[in-house]
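Biologist: I've got a model open and want to learn how to read it. Can you walk me through it?

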Amino acid sequence: MHKPFNRRRFMQWLLATRSVSLLGPVSAHHTETHFEEDSAHHIVYQLNKADPKYISHILFSAGELLRKYGDDIEIVIAVYAEGIHLLGKRPKRPIPLELQQKASSLAAYGVAFHACGNTLKAVRWTKKDLLDFAKEVPIGVEDIMLLQEKGFSYISW
């Protein structure tokens, strides 16, 4: 019998082991881009730089919110410009594998990673060039705008 998913327990485990690798895909309770049940909290992060320290801060912050709010938060990380390399199977900029593993772990537990279609065209990538958990959106900035119109808080640094 399948055990119900518990993000809070996973985050406690993740912090205790400091491990980010997963043995296989896990099914969270969200649809392609949105949770089936509305969450009390909604946040969208802008990720537009390839700097590992910058990316690490955003992923850490998203993980902390998951740890605190569990299933009661919906998190989207809108990735465009140089940040797109985080989501590339073969990044053209140096992105530590550890950061891609952290992003994959967050995605497995409900964080959505939206990849800007315009940026993909600019680097001559298609969906097949992206990590499996990334979802292409037509325009990254438009995605942020539409999410804000739906009540998402916008975070940039």
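Biologist: Where is A103 placed?

Modeller: A103 sits in helix α3, residues 97–108; helices are DSSP runs of H or I with at least four residues, strands are E runs of at least two, both numbered from the N terminus. This is a predicted model, where local features need pLDDT of at least 70, side-chain atom pairs count only at pLDDT 80 or more, and totals for chains, interfaces and linings use all residues. Residues are numbered from 1 along each chain as its sequence is written, and side-chain values use heavy atoms, leaving out hydrogens and water.

Biologist: Is A103 buried or exposed?

Modeller: Buried means under 20% relative accessible area, exposed over 50%, partly exposed in between (1.4 Å probe, protein chains only). A103 has 0%, so A103 is buried.

Biologist: Which residues does A103 touch?

Modeller: Contact means heavy atoms within 4.5 Å. Skipping residues up to four places away in sequence, A103 touches L59, L86, F113 and F133. With F113, the C-alpha to C-alpha separation is 8.3 Å, at 10 residues apart in sequence.

Biologist: And the sheet: what order do its strands have?

Modeller: Strands of a sheet pair through backbone hydrogen bonds, either parallel or antiparallel. Here two strands pair if DSSP finds at least two bridges between them. This open sheet of 5 strands runs β4-β3-β2-β1-β5, with parallel pairing. β4 (134–137) and β5 (153–155) each have a single partner strand, so one side of each lacks a neighbour in the sheet.

Biologist: How many bridges join β1 to β2?

Modeller: 7 bridges join β1 (residues 41–47) to β2 (residues 73–79). I43 has I75 as its bridge partner in β2.
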